[in-house]
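Subject: Structure handover

Hello,

The structure we spoke about is below, with the sequence. My notes on it follow.

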Amino acid sequence: MSNLDFFIKAKEKNRLTHLYLITGSIDVNKRDLSFEIASLILSDFDKREDLLNIIRDLKHSQVSFIKPDGLSIKKDQILELQKTFSKTSLVNAPRIYIIEDVDVISIQAANSLLKFMEEPENSNVYGILLTNNLQSVLPTITSRSQVVRVNASILNDVYETLINDEVDDFTARNISFLTSDLNLAKNYLDDPNIIEIINYIKEHMENIDNKKYQPLIRVNELLSNVLINKNIYVTFLDLLLSNYLDLLKYLIKEESYFNYKVGKSLTLGKVIKKTKYIKDEIRKQSANINISLSLDLLMVNLKK
């Protein structure tokens, strides 16, 4: 059973809760799951076939998405959410807000969020909070939420289907990192940009302990014409992070998806530091950045 099935059954029984806190394995794409939940909630009101893609592209009027601005979620972001939801909607449908990495919310922002959760302008509101660190979420937020723990089994259906279609293991696994939706997975498989990104990441990971390998040079040679907009760049970063997190599992002798050929010079501490560089780069995407310059700096850091 996929993680989305839990919410499908809750909807069928008219038991959807108005505030969910989704936590669990770091290698589960909780953001994509939250978009699927939003699509499920809105599907009775919006019959467009591409509803999920509209939500995923952050272009649906009823869905607001918040992620850390820099290193934290700030009060101004929550106040802007309140302002948006206080306006009369042109569509007679629920409103949904998604907050990623709610564990890094500032105290001021948390106080504003609590007030908003308790006194929403529109009672037909659903909140989806995401975290990899449940223990770091403020108890006042946890106590008001239905906590849902998800796990990596969400990957199996997509991965196994692609393998059965004779897609190579690395590509199948990376696409399953991106989505649990089989139709979207097949769209990714047909997208040359996604395939080029996966091919680069495979080369990058195979050479992660190769001192002669130059990630900055190779990324510009292979992806300079691919990473041209923020959505594609964020997808690249998400996949890169997923592979580094898998490498961390390998190094601490937990179950990982790939067998890495690494020498003693690649220590756990170094990989943790590299992973932090990628996470920081993902968080920077809330700002207006120069993708090319930002990518170059990331690759320089990953070479260290």
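Helices here are DSSP runs of H or I with at least four residues, strands are runs of E with at least two, and both are numbered from the N terminus. With that numbering, S265 is found in the loop between α12 and α13 (268-283). Please keep in mind throughout that this is a predicted model.

Leaving aside neighbours within four places in sequence, S265 is in contact with D209 and K270. S265 and Y233 are 32 residues apart in sequence, and their C-alpha atoms are 29 Å apart in space.

Helix α12

α12 covers residues 230-251. Its 22 residues should span 32 Å at 1.5 Å a residue, and the end C-alpha atoms are 31 Å apart, which agrees. Of the 22 residues, 17 are buried, so α12 is largely enclosed by the rest of the structure. The N-terminal end of α12 is capped by N229, which has a side-chain oxygen 3.1 Å from the backbone nitrogen of N231. Just after the helix, K253 takes a positive phi of about 65 degrees.

N243 is found in α12. Is N243 buried or exposed? Its relative accessible area is 0%, so N243 is buried. Not counting residues up to four places away in sequence, N243 touches F170, N174, F177, I201, M205, F258 and Y260. The side chain of N243 also reaches the backbone oxygen of L239, at 2.8 Å.

Helix α10 takes in residues 192-206, which is 15 residues. At 1.5 Å a residue these should span 21 Å, and the end C-alpha atoms are 21 Å apart, so the two agree. D191 caps the N-terminal end of α10, with a side-chain oxygen 2.9 Å from the backbone nitrogen of N193.

The buried residues in α10 are I194, I197, I198, Y200, I201, E203, H204 and M205. What covers them includes α8, α9 (182-189), α11 (215-223), α12 and α14 (291-303).

How do α10 and α12 sit against each other? Two packed helices are described by the angle between their axes and the distance between the axes. For α10 and α12, the angle is about 35 degrees and the axes are 10 Å apart. The crossing of α10 past α12 is right-handed. On the α10 side, the contact is made by N193, I194, I197, I198, Y200, I201, H204 and M205. On the α12 side, it is made by I232, T235, F236, L239, L240, N243, Y244 and L247. The residues of this contact divide into 12 nonpolar, four polar and no charged.

T171 lies in α8 (residues 169-178). With a relative accessible area of 6%, T171 is buried, the cut-off being under 20%. Leaving aside neighbours within four places in sequence, T171 is in contact with L189, I195 and I198.

The N-terminal part

S39 has its place in helix α2 (residues 30-42). At 13% relative accessibility, S39 counts as buried. Beyond its neighbours within four places in sequence, S39 is in contact with L51, L52 and I55.

Backbone angles

Most residues other than glycine have a negative phi.

- N14, in the loop between α1 (3-12) and β1 (19-24), has a positive phi near 60 degrees. At 72% relative accessibility, N14 counts as exposed.
- L58, in the loop between α3 (51-56) and β2 (63-66), also has a positive phi near 60 degrees. At 49% relative accessibility, L58 counts as partly exposed.

Regards

Definitions and conventions: Residues are numbered from 1 along each chain as its sequence is written. This is a predicted model: local features need pLDDT of at least 70, side-chain atom pairs count only at pLDDT 80 or more; totals for chains, interfaces and linings use all residues. Side-chain values use heavy atoms; hydrogens and water are left out. Buried means under 20% relative accessible area, exposed over 50%, partly exposed in between (1.4 Å probe, protein chains only). Contact means heavy atoms within 4.5 Å. The expected span of a helix is 1.5 Å times one less than its number of residues. A polar contact is a pair of N or O atoms within 3.5 Å; within protein, one must be able to donate a hydrogen and the other to accept it, and residues adjacent in sequence count only if both atoms are side-chain atoms. Axes are lines fitted to C-alpha atoms, for helices over the stretch in contact, and angles run from 0 to 180 degrees between N-to-C directions. A crossing is left-handed if the near helix is turned anticlockwise from the far one by less than a right angle, and right-handed if clockwise. Ala, Val, Leu, Ile, Met, Phe, Trp, Tyr, Cys and Pro count as nonpolar, Asp, Glu, Lys and Arg as charged, and the others, Gly among them, as polar.
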